[in-house]
Structures are given as structure tokens and as C-alpha cells.
Amino acid sequence: FCQMIGRGSAGRWRLPWTTTDATLTIPASSRSRPDTEPRRRAPKGAPASALLKALPLFKALEEPALARLAAATERRVLPRGARVFSRGDLPTGLYLLVYGQVRLLGRGRGGAVRLTGVVQPGQSFGEPGMVLEHPAPVDAEAATDALVLHLPKEAVFAELDRNPRFARRLIAGLSARLEALVLQQESHEAG
């Protein structure tokens, strides 16, 4: 449900305004608690184009494409506990986490809420529902105060139609997540 979108030192994923690396696999000991390490916030007045350009998914875009997407971008400053979207909501676009953490909460047997993932800064989420046009399978809520960028699906689809490089990057990110899930499942089954 979340995509790594910036590679830093030692092969870990990083954004320029974070002081810690963000990785796809979150240690079990830290999955249910908010991130306690200090983070620098993205500059408060940073334009959407600057925030997007810092993310590798958008780095290869030429200025006109970046400007089109930035013009459609909505900033959502969320307090801890605020919902980004709820299970069953129809997708409205792609989400990018600039700072903070977002929990992805699914339903287990008997309807019990279970943590299915933690989105870290520099990761995107919501793409599967957006592309497949299926209702959200999970709730997404801010685990800490957070800044989320929302790119409406109309703007994303229009750019995908115009820009094959952007389409390949989005497909590559989704493929990497699928591969990670398969490897995680195999590891879990091996025991």
C-alpha cells in the first residue's frame, strides 16, 4: 500500500528533509507506536512543485509536467488520528507522505482492526485503488502529525497518458511493492 520513492545512503530510502531513513519493512517492535525520532519538517511554505521534485517518482519529469501536477496537488496537514481515507471510500487520487507517519488499518477475522502497514515520509499510497478504481481496502490515518500531498486521479491519469516515463515509474513502484509482499509471504511461511 505504500511505495518507496527516494534512495539514500546504504540503499535505504530518504528524503532531504528527514533525519531518518524510511524503509518498506518496518520492524515489528515499531509498527504500533508513533515514530519517536526527531524529524525536520518540510519547509512550511515550500511550493508543491518543490515537494514533488524532491521525490524520485517525479524527478524525471520535465518542468511543464511537474507544473501541471503541482497545480493539481492538494496539501493536507493532518493532526495525529485524522483520517486520510476510510475503508470502502472510492479512490480520489494518489497520496504522498511528506512528513509524519500514516497507519494503514485493515480488518481481520471477526472484524478486528489490524495494522497492515505504516507509510513513512517519501512513500506514496493509494495507487492500487486509484488505478483499479476499487474502494479502499483499508483505513488510512495519521499516526503522528503529518503532511500528505493528494494528487487527484484525473491529474495523475492525464499525466500517465502524456508521459510514458512517469507511467513506467509508477508501474515499477507498484511492481516493487508486489514483489516485496510475495517475499514477505514466503518468509512468513518458511517460518
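Keep in mind that this is a predicted model. Start with the largest nonpolar core, which has 24 residues. Seven of its members have the most contacts inside it: Leu52, Phe58, Leu69, Leu94, Leu96, Leu151 and Phe166. Which elements give two or more residues to this core? On the helix side, they are helix 1 (48-53), helix 2 (56-59), helix 3 (63-72), helix 5 (153-162) and helix 6 (164-190). As a general point, nonpolar side chains in soluble globular proteins tend to be buried together.

Now the rings. How many aromatic pairs does a search of the whole structure find? Four. Take Phe85 and Tyr95. Their centres are 5.3 Å apart, with 40° between the planes, and the pair is tilted. Phe85 sits in strand 3 (residues 83-85) and Tyr95 in strand 4 (residues 93-99), so this pair ties together parts ten residues apart in sequence. Are these two buried or exposed? Phe85 is buried, and Tyr95 is buried as well.

Phe85 has another partner, Phe125. Here the ring centres are 6.1 Å apart and the planes are at 35°, so this pair is tilted. Phe125 belongs to strand 7 (residues 123-125) and Phe85 to strand 3, so the parts tied together are 40 residues apart in sequence. Phe125 is buried, like Phe85.

Phe85, Tyr95 and Phe125 are linked into a cluster by ring pairs.

Definitions and conventions:
Residues are numbered from 1 along each chain as its sequence is written. This is a predicted model: local features need pLDDT of at least 70, side-chain atom pairs count only at pLDDT 80 or more; totals for chains, interfaces and linings use all residues. Side-chain values use heavy atoms; hydrogens and water are left out. Rings of Phe, Tyr and Trp (its six-membered ring) pair if their centres lie within 6.5 Å; planes under 30 degrees apart count as stacked, over 60 as edge-to-face and the rest as tilted. Helices (H or I, at least four residues) and strands (E, at least two) are DSSP runs, numbered from the N terminus. Buried means under 20% relative accessible area, exposed over 50%, partly exposed in between (1.4 Å probe, protein chains only). A nonpolar core is a set of buried Ala, Val, Leu, Ile, Met, Phe, Trp, Tyr and Cys residues joined through side-chain atoms within 4.5 Å.
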